[in-house]
Amino acid sequence: VDVDESILARCRERMERRFVPTFGGGSLEKVDCEDESEADKLEFVQADLTKVIERQKTLHQAKSADGRQPSSIEDALWAKEEGITNRLSETTVITMYFVDDALKQIKPYLESVLGGRPNVRVITIGYEMKGWHATWVERVLGLTVFKYEMADVPDTPLEWNKDGKSGDDEQQEQGEALLIDDAENEYDDVDEDSELRRFLKLK
């Protein structure tokens, strides 16, 4: 998937060159081989991933809020974007050559579509997916390769919360709540007449 059709055209051209020619009967012919059958499984799709992500975010937030399903008019307007998401939901391996900023944008999208699914892997080349735990890391030809098991990734992207809070904000609030709980427990354990008890009351 790429937004630039010229890049996809070059990909298709290179794929054609993979077929093995043979010389027979004075003519050049292509023969069926494993490469050809593999090529039949490949498709190069032109699409703007930012629009794909935007559409999925809208659907995810609507479903989380009131369970609303999109209308037929909405379906028609976003058919291309939803088609890519539907294909992605059936995949087992995704390989991405994205930098940090792009990975940050696509992270909640992948969580909403593939989070929690067994036997689905995401591979990032050169940059790690912040917030996920890589199950395999190796440096190959100067680039670091990270593998993530989507079964270990939640399917509820915090970045898409409708209250405007980011995942970092929620994690910070959870941490603060934990500190408050710990402080209250310590407060209960302190002797009523001690100096520390009076200090904690003031705090």
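So, how much space lies in the largest pocket? About 1,200 Å³. Quick housekeeping: this is a predicted model, with local features needing pLDDT of at least 70, side-chain atom pairs counting only at pLDDT 80 or more, and totals for chains, interfaces and linings using all residues. Residues are numbered from 1 along each chain as its sequence is written, and side-chain values use heavy atoms, leaving out hydrogens and water.

By pocket I mean an open set of points on a 1 Å grid over the protein atoms alone, where a 1.4 Å probe fits, with protein on both sides within 12 Å along at least five of seven lines; lining residues have an atom within 4 Å of a point. The volume is the space filled by probe spheres set on the points, which are joined across faces, edges and corners.

Of the 35 lining residues, Val1, Asp2, Val45, Leu49 and Thr95 sit closest to the pocket's centre. Helix H1 (5-16) gives the largest share of the lining, six residues.

Now the largest nonpolar core: buried Ala, Val, Leu, Ile, Met, Phe, Trp, Tyr and Cys residues joined through side-chain atoms within 4.5 Å, where buried means under 20% relative accessible area with a 1.4 Å probe, protein chains only. It has 24 residues, and Trp132 is among those touching the most other members. H6 supplies the largest share, six. Leaving aside residues up to four places away in sequence, Trp132 touches residues including Leu110, Val122 and Tyr148, contact being heavy atoms within 4.5 Å.

Terms used. Buried < 20%, exposed > 50% of the residue type's maximum accessible area, 1.4 Å probe, protein only. Helix = DSSP H or I, 4+ residues; strand = E, 2+ residues; numbered from the N terminus.
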